Each structure stands twice: as structure tokens, then as C-alpha cells.
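Please look at the sequence and the 3D structure that follow, and keep both in view while reading. The paragraphs below lead through the chain one topic at a time.

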Amino acid sequence: MIKLLCTFLLMHSSVACGDESSINLIGGIPVKPGEYKEVVRITDGRGACTAVVVAPRVLLTAAHCVERGTAEFQGYDRKIYSAMCAIAPGYQRKVGDQDLAACILDKDHPPPYATVSHVGPVLGEEVMLMGYGCVQEGGGGGNDGILRKGIATVVKVPEGENYSFYTHGASALCFGDSGGPSFLITDAGHILIGVNSRGDIRALSLMTALYHQDTLKFLRAFEEASSYKICGLGAVCGYLEKKPDGCFY
């Protein structure tokens with residue numbers, strides 16, 4: 001199993017989280033204390049991105065955030081976690097590619113965990129974006145270490161070799177939001193549909209669609225190679241982030 005996993009883990013090095021391709025959230029609001037403990041701020045040693053924990057030992061983030069193949073972060077339990085990351089095969093450092101990495105943690109992270117969805121939004125549907133990035137159009141405002149969330153409308157869905165869905169609205173990705181989660185808002189709770197990739201740092205955002213068939217294939221191969229199951233795929237984790245008082249805010 002170790003030999004198979006080592007073959008599966010693809011290591012890269014060049015683009016860091018803080019560069020132009022790395023997209024706190026424009027138009028977002030801070031999450032309430034204790035909300036979304038599964039969303040973390042990671043570093044590859046050169047810059048900071050966002051990521052989401054989807055199982056006790058599995059983390060998802062953008063491929064361009066972890067091209068060195070490793071990441072580190074502090075969980076809400078105050079422990080420091082290290083991770084080894086596998087890059088999705090369709091990642092090509094270009095718009096609409098499979099900008100996704102699945103990472104194995106060095107120890108169990110406590111719940112909650114995000115649940116990966118098999119279905120995505122339709123055109124015109126509102127989704128929730130989330131991240132630790134900058135807050136001003138054009139990239140200003142710095143990264144203050146505060147997790148924010150915001151609503152945007154889906155304007156394009158994945159098609160062919162385009163692995164991304166696009167949103168447009170007052171809430172948009174900014175530097176440092178890369179690798180963070182995008183959620184479909186349902187009556188039952190929030191389910192994970194995408195990982196933040198890039199945008200125009202004004203209104204347009206691109207997220208790698210986790211429900212794309214090729215991406216689900218990659219995640220299942222990761223499960224098989226690592227023997228670690230992902231919530232919503234090989235594992236039923238029994239947890240969905242609830243909407244407070246039945247509304248977004």
C-alpha cells in the first residue's frame with residue numbers, strides 16, 4: 001500500500017499560494033465563532049491558502065497551493081498538522097483545469113468534516129464561497145486571518161474538459177482564498193461542491209467542480225491508493241453544516 005501511495009502522490013514545485021494565480025473574500029462577512037471548523041488556512045512554506053478537511057486524515061485544496069507536495073496548518077484544536085498531497089491529473093496551470101489536490105494528514109483531525117457532493121448547482125443558483133483571503137477588489141486589504149463567507153450566482157457550469165463552474169456577484173475570490181470550499185446550500189445543510197481556483201479579483205470566480213465525473217474518479221482513486229475514505233464518497237460522516245436559524249446570515 002505504501003508503494004502504491006508513493007507512486008500516486010505527484011510532487012511539484014514552483015507556483016506558491018501568494019502569486020497572481022492564487023486567488024480574504026471580496027464582499028464576504030466573517031463567519032461566527034465555532035462555525036466551519038473544517039475550513040483551515042494552510043501554508044506550503046512560501047504563502048498562505050485555504051483548504052477544507054473532508055475526513056479525519058484527508059484535506060482538499062487547490063493544486064497550485066501545494067505544488068511542492070506538502071502543506072501545514074494549525075487546527076482549531078491547536079495542533080499543528082502536516083500533509084502530503086496528490087495533484088489531480090488534469091491540473092495544467094491554466095483556466096478551467098483540474099486545479100485540485102487531495103492531501104493526507106499526519107494525524108487525525110477532529111470533526112466536523114465537509115461532505116463532498118455528487119451533484120452541482122444549475123445556472124442561476126446561488127452558492128456560498130469561503131476563504132481566508134484579501135477583501136478588496138484588485139487584491140487590496142491584506143490577509144487578516146479571518147475566515148469569511150459570501151454568496152454568488154452560478155453563471156457557467158463545467159463542460160467538456162473545463163473542470164470549473166463560474167460565479168459572478170458581490171462576493172468573489174481574492175488572494176488567499178484559493179483552495180477554500182464552495183458550498184451548495186440545501187434545506188439539510190451545506191454540501192461541498194467545489195474548491196476555489198481563481199478569478200478576476202472583482203466579481204468573477206472559478207471553482208474546481210468536485211462533482212465533475214473525472215474529479216470524482218480522481219478522488220476515488222485517491223481513496224483506493226491511500227485507504228483513507230472521504231465524506232460523501234467512501235465514508236458517511238453524518239455531518240452537514242447547518243444554516244443558522246434557517247437563513248444564510
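Predicted model: local features only at pLDDT ≥ 70, side-chain atom pairs only at ≥ 80, totals over all residues.

**Disulfides and their surroundings**

Cys85 and Cys103 form a disulfide in which the sulfur atoms are 2.1 Å apart, where a disulfide is defined as a pair of cysteine sulfur atoms within 2.5 Å. This pair links distant parts of the chain, since Cys85 belongs to strand β6 (residues 80-87) and Cys103 to strand β7 (residues 101-105), 18 residues apart. The strands named here, like helices, are DSSP runs numbered from the N terminus, a helix being a run of H or I with at least four residues and a strand a run of E with at least two. The torsion about the S-S bond of Cys85 and Cys103 is about 105 degrees, so this disulfide is right-handed. Cys85 is buried, with a relative accessible area of 0%, and Cys103 is buried with a relative accessible area of 0% too; buried means under 20% relative accessible area, exposed means over 50%, and partly exposed lies in between, computed with a 1.4 Å probe on protein chains only.

Residues are numbered from 1 along each chain as its sequence is written, and side-chain values use heavy atoms, with hydrogens and water left out.

How many disulfides does the structure hold? The structure holds four disulfides, and with bonded cysteines counted along the chain they follow the pattern 1-2, 3-4, 5-6, 7-8. One of them joins Cys49 to Cys65, with an S to S distance of 2.2 Å. This pair also links distant parts of the chain, with Cys49 in strand β3 (residues 48-55) and Cys65 in the loop between β4 (58-61) and β5 (70-74), 16 residues apart. The link of Cys49 and Cys65 is left-handed, with -85 degrees about the S-S bond. Cys49 counts as buried because its relative accessibility is 0%, and Cys65 is likewise buried, with a relative accessible area of 0%.

A disulfide also joins Cys231 to Cys237, with an S to S distance of 1.8 Å. Here the torsion about the S-S bond is about -85 degrees, so the disulfide of Cys231 and Cys237 is left-handed. Are the two cysteines of this pair buried or partly exposed? Cys231 is buried, with a relative accessible area of 0%, whereas Cys237 is partly exposed, with a relative accessible area of 29%.

**Backbone details in the loops**

Attention can now turn to the backbone. A cis peptide bond, with omega about 15 degrees, joins Pro111 and Pro112, and Pro112 lies in the loop between β7 and β8 (126-131). Arg93, in the loop between β6 and β7, has a phi near 60 degrees, which is a positive value in a residue other than glycine. Because its relative accessibility is 47%, Arg93 counts as partly exposed. Ile201 also has a phi near 60 degrees, again a positive value in a residue other than glycine, and Ile201 lies in the loop between β12 (190-199) and β13 (204-209). At 8% relative accessibility, however, Ile201 counts as buried.

**Nonpolar cores**

A nonpolar core is a set of buried Ala, Val, Leu, Ile, Met, Phe, Trp, Tyr and Cys residues joined through side-chain atoms within 4.5 Å. Of the 52 residues in the largest nonpolar core, Ile42, Val54, Leu59, Leu60, Leu192 and Leu219 touch the most other members. The largest share of this core, six residues, comes from β3. Apart from this core lies another, of 13 residues, among them Leu129, Ala152, Ile193 and Ala209.

Which residues does Leu59 touch, if those up to four places away in sequence are not counted? Leu59 touches Val40, Ile42, Ala51, Val52, Val53, Phe73, Ala101, Ala102, Cys103 and Leu105, where contact means heavy atoms within 4.5 Å.
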